[in-house]
Amino acid sequence: MIVYPAIDLRQGRCVRLRQGNFGAETVFNDDPASAAARWADEGAEWLHVVNLDGALGVNGESNLEAIERIRRTVRIPIQVGGGIRTQEDVQRLFDAGINRAILGTVAADEPDLVQKFVEIFGPESIVIGIDARDGVVTTHGWTKSSGIQAIDLALHMGKLGIKRLVYTDISRDGMLTGPNVLSTVELAERSGLAVIASGGVSSIEDIQVLAQQQAEGIDGVIIGMALYRGRINLREAIACAREVN
């Protein structure tokens, strides 16, 4: 199971939110590239980067510039989400050397585009981000309810050629209360897709529990607040994820 340190970008800075609330923001680093370098130095195999401004549909140019700096700073693979709505958005990321593009709002609002992107860029390069409250998918930076059940969206995405999802329980995100393991595993089992768990991871025990579900389709785990608050040591988390079969 892959451990993904999270770098959430707002106005070019590394921040964390609580339950997706843009009014509950904590700035952890004014230089996201230095945060990326720290996680790479501590053994990260991948980075998970989110353009929060782009997700809201506002100008996220400073975040895109930060993403390009992160790419120049570290050599490990990077997946990026937030505000990716057009082929040009995807192409810019790949031109910058990003390895995976995560589609959220587009998956719910314009699924035909997802199929197009899979055909152009390949199924390993396109990941779907499913952010849900009470099992219902939210879009536009977690500000709108789509009315679509997470499992229904996952099943539809699988039919379009998607192989991997990032699943976030918004109620857990940034709260350090533990991930929603049951919902995450159910999504993986019912969809047949590889799922990266996100939201609420707070301890090594959380990593152990998720790693024990690899056979059910849990492909990775994203850790944000717990790393920045010092609740989890990244090297220990990676070792834990590798030990459990």
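The exercises below, each with a worked solution, concern a predicted protein model.

Residues are numbered from 1 along each chain as its sequence is written. Local features need a pLDDT of at least 70 and side-chain atom pairs count only at pLDDT 80 or more, whereas totals for chains, interfaces and linings use all residues, and side-chain values use heavy atoms, with hydrogens and water left out.

**Exercise 1. Find which element of the protein has the lowest mean pLDDT and which has the highest.**

Begin with the term itself: pLDDT is the predictor's confidence in each residue, from 0 to 100. The protein averages a pLDDT of 90, and 91% of the residues score at least 70. Next come the elements, which are DSSP runs numbered from the N terminus, with helices (H or I) of at least four residues and strands (E) of at least two. The lowest mean, 62, belongs to strand β3 (residues 21–29), while strand β6 (residues 100–103) has the highest, 98. Where pLDDT is low, the predicted coordinates should not be read in detail.

**Exercise 2. Work out which residues of helix α11 are buried, and what they pack against.**

First, recall that buried means under 20% relative accessible area, exposed over 50%, and partly exposed in between, with a 1.4 Å probe and protein chains only. In α11 (residues 234–243), the buried residues are Leu 234, Ala 237, Ile 238, Cys 240 and Ala 241. Seen down the helix axis, they fall within an arc of 160 degrees (taken from the directions from the axis to the C-beta atoms), so they line one face of α11. The face turned away from this buried side carries the exposed residues Arg 242 and Glu 243. Finally, the buried residues pack against β1 (2–10), α1 (32–41), α9 (204–211), β12 (218–223) and α10 (225–228), where contact means heavy atoms within 4.5 Å.

**Exercise 3. Decide where Gln 11 lies and where Asp 134 lies, and whether each is buried or exposed.**

Take Gln 11 first: this residue sits in the loop between β1 and β2 (13–18), and has a positive phi of about 55 degrees although it is not a glycine. Its relative accessibility is 57%, so Gln 11 counts as exposed. Turning to Asp 134, we find this residue in the loop between β7 and β8 (136–139). Asp 134, which is not a glycine, also has a positive phi of about 55 degrees, and at 81% relative accessibility Asp 134 counts as exposed.
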